[in-house]
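Please keep the sequence and the model open beside them while you read.

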Amino acid sequence: MVNLGNDWDEILKDEFTKDYYLKLRAFLAKEYRQGTVYPDMYDIFNALRYTSFGDTKAVIIGQDPYHGEGQAHGLCFSVRRGTEPPPSLKNIFRELETDVGFRYTGHGELTAWAKQGVLLLNTVLTVRAHQPNSHRGMGWELFTDRVIKELDRKESPVVFLLWGANARQKARVITNPNHIKLETVHPSPLSAYNGFFGCRHFSRCNEALIASGQTPIDWQLPE
């Protein structure tokens with residue numbers, strides 16, 4: 001059984017026994033056994049471990065994990081200290097700089113956001129090495145739909161930042177009018193100039209949180 005160590009355990013306990021999830025688990029066991037899959041199997045659910053249901057006030061939804069060696073660690077767009085930020089993350093930092101005066105501190109680890117209540121959730125939580133979208137359609141989308149449906153039930157406003165086609169498909173699951181949906185293209189170099197740059201999602205997220213009486217996110221990463 002998956003142990004998340006917070007309120008998600010009780011909320012999602014029935015999800016881990018459903019047929020689709022058991023098939024997904026069997027698929028993953030084979031994938032990890034036969035090849036290289038990211039992130040490490042012990043890091044798959046880090047987004048939920050780092051940010052409890054009760055603490056979640058913003059959600060950044062990505063596509064699937066980074067597929068290069070040493071990059072993915074279970075938080076969308078994040079890489080651990082010592083790993084060069086991939087192009088998408090560099091573009092996120094660029095938008096942060098123009099939007100809220102962000103200053104790059106030499107790393108791309110976003111755990112400080114997660115600990116403030118930003119759930120860093122990919123739509124698909126695993127990927128084969130060097131094969132983006134290789135685990136798409138295997139069941140993860142059902143699982144992450146369930147996570148978002150649970151968050152949609154929260155009374156306190158949650159800000160959802162949906163970047164790219166895969167993430168924006170999740171907008172259909174968010175029906176509670178209390179919540180805020182901010183949508184734009186993916187921050188990858190292929191699309192960032194088509195709407196990600198200048199979207200001001202970070203300041204708009206904080207404006208929405210302040211308007212609802214919640215503490216804004218400090219987007220500046222620690223040294």
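The points below concern a predicted model, and they take up aromatic rings, cysteines, a helix contact and a few individual residues in turn.

1. A pair of aromatic rings is described by the distance of the centres and the angle of the planes. The count for this model comes to 20 aromatic pairs. One of them joins Tyr20 and Tyr21, whose ring centres lie 6.4 Å from each other with 85° between the planes, so that the pair is edge-to-face, since an angle over 60 degrees falls in that class. Tyr20 counts as buried at 16% relative accessibility, and Tyr21 is buried too, with a relative accessible area of 6%.

2. Another edge-to-face pair is made by Trp140 and Phe143, with 5.8 Å from centre to centre and 75° between the planes. Why are Trp140 and Phe143 separated by about one helical turn? They are 3 residues apart in helix 6, which covers residues 140-152, and this spacing is the reason.

3. How many disulfides does a search of the whole structure find? The search finds 0. A disulfide is a covalent bond between the sulfur atoms of two cysteines. For Cys76, the closest cysteine sulfur belongs to Cys205 and is 13 Å away, which is too far for a bond because the two sulfur atoms would have to be within 2.5 Å. Cys205 is likewise in no disulfide, as its nearest cysteine sulfur, that of Cys199, is 11 Å away. Cys76 is buried, with a relative accessible area of 1%, and Cys205 counts as buried at 0% relative accessibility.

4. Helix 4 (residues 87-100) and helix 8 (residues 201-211) have axes that come within 8 Å and cross at roughly 60°. The two helices are therefore oblique to each other. On the side of helix 4 the contact is made by Ile92, Glu95, Leu96, Asp99 and Val100, while helix 8 contributes His201, Phe202 and Ser203.

5. Is Glu15 buried or exposed? Glu15 sits in the loop between helix 1 (8-12) and helix 2 (19-34), and at 3% relative accessibility it counts as buried, because the limit for that word is under 20%. When neighbours within four places in sequence are left aside, Glu15 is in contact with Tyr20, Tyr21, Leu142, Phe143 and Arg146. Tyr20 and Tyr21 are the edge-to-face pair of the opening point, and Phe143 is the ring partner of Trp140.

6. Some details of the backbone also deserve a careful look. A cis peptide bond, with omega at about -5°, joins Tyr38 and Pro39, and Pro39 has its place in the loop between strand 1 (37-38) and helix 3 (46-50). His130 is a residue other than glycine with a positive phi, near 65°; His130 is found in the loop between strand 4 (127-128) and helix 6 and is exposed, with a relative accessible area of 57%. Arg200, also not a glycine, has a positive phi near 55°. Arg200 lies in the loop between strand 6 (180-184) and helix 8, and at 38% relative accessibility it counts as partly exposed.

Conventions: Residues are numbered from 1 along each chain as its sequence is written. This is a predicted model: local features need pLDDT of at least 70, side-chain atom pairs count only at pLDDT 80 or more; totals for chains, interfaces and linings use all residues. Side-chain values use heavy atoms; hydrogens and water are left out. Rings of Phe, Tyr and Trp (its six-membered ring) pair if their centres lie within 6.5 Å; planes under 30 degrees apart count as stacked, over 60 as edge-to-face and the rest as tilted. Buried means under 20% relative accessible area, exposed over 50%, partly exposed in between (1.4 Å probe, protein chains only). Helices (H or I, at least four residues) and strands (E, at least two) are DSSP runs, numbered from the N terminus. Axes are lines fitted to C-alpha atoms, for helices over the stretch in contact, and angles run from 0 to 180 degrees between N-to-C directions. Angles under 35 degrees count as roughly parallel, over 145 as roughly antiparallel, 65 to 115 as roughly perpendicular and the rest as oblique. Contact means heavy atoms within 4.5 Å.
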